[in-house]
Amino acid sequence: NRTTTDANHNARNVDDLLSGFRTARMELVRLLTNADDTIVTRTAVHPRLKRELRLIDLVEFVADHDDHHLAVIGALTR
């Protein structure tokens with residue numbers, strides 16, 4: 001997608017990519033750890049999938065997406 005292309009990740013140093021990834025993931029974990037019931041029970045429609053998601057659904061989607069990228073990075077660096 002345009003955002004990914006514009007970010008030009010392929011030109012970045014892999015250690016910098018992984019560091020940024022780890023920072024972002026830890027921030028997500030921090031936010032989730034501090035989420036109260038009003039946040040946990042909300043739903044929203046995913047703009048591309050056009051389906052209603054709970055927070056746990058979004059977290060699973062993000063984790064699967066992240067794992068895909070980590071697997072690709074691992075394969076490329078081996």
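## Packing of α2 and α4

In this predicted model, helix α2, which covers residues 14-33, packs against helix α4, which covers residues 55-77, at an angle of about 165° and with 12 Å between the two axes. Because angles over 145 degrees count as roughly antiparallel, α2 and α4 are described as roughly antiparallel to each other. The crossing that α2 makes with α4 is left-handed.

## Residues where the helices meet

On the side of α2, the residues that take part in the contact are Val14, Leu18, Phe21, Arg25, Leu28 and Leu32, and they meet Leu55, Val59, Val62, Ala63, Asp66, Asp67, Leu70, Ile73 and Thr77 of α4. Sorted by class, the residues of this contact comprise 11 nonpolar, one polar and three charged.

## The largest pocket

The largest pocket of the model holds about 890 Å³ of space. Its lining is made up of 27 residues, and those that lie nearest the centre of the pocket are Thr4, His9, Leu17, His65 and His69.

Helix α1, which spans 2-7, contributes at least two residues to the lining of this pocket, as do α2 and α4, and α4 gives the most, with 10 residues. In terms of class, the lining of the largest pocket consists of 11 nonpolar, 12 polar and four charged residues.

Key:
Residues numbered from 1 in each chain as written. Predicted model: local features only at pLDDT ≥ 70, side-chain atom pairs only at ≥ 80, totals over all residues. Heavy atoms only, no water. Axes fitted to C-alpha atoms, helices over the stretch in contact; angles between N-to-C directions. Helix = DSSP H or I, 4+ residues; strand = E, 2+ residues; numbered from the N terminus. Parallel < 35°, antiparallel > 145°, perpendicular 65-115°, else oblique. Left-handed = near helix turned anticlockwise from the far one by under 90°. Contact = heavy atoms within 4.5 Å. Nonpolar A, V, L, I, M, F, W, Y, C, P; charged D, E, K, R; others polar. 1 Å grid on protein atoms, 1.4 Å probe; cavity = no way out; pocket = protein on both sides within 12 Å on 5 of 7 lines; lining within 4 Å. Points joined across faces, edges and corners; volume = space filled by probe spheres on them.
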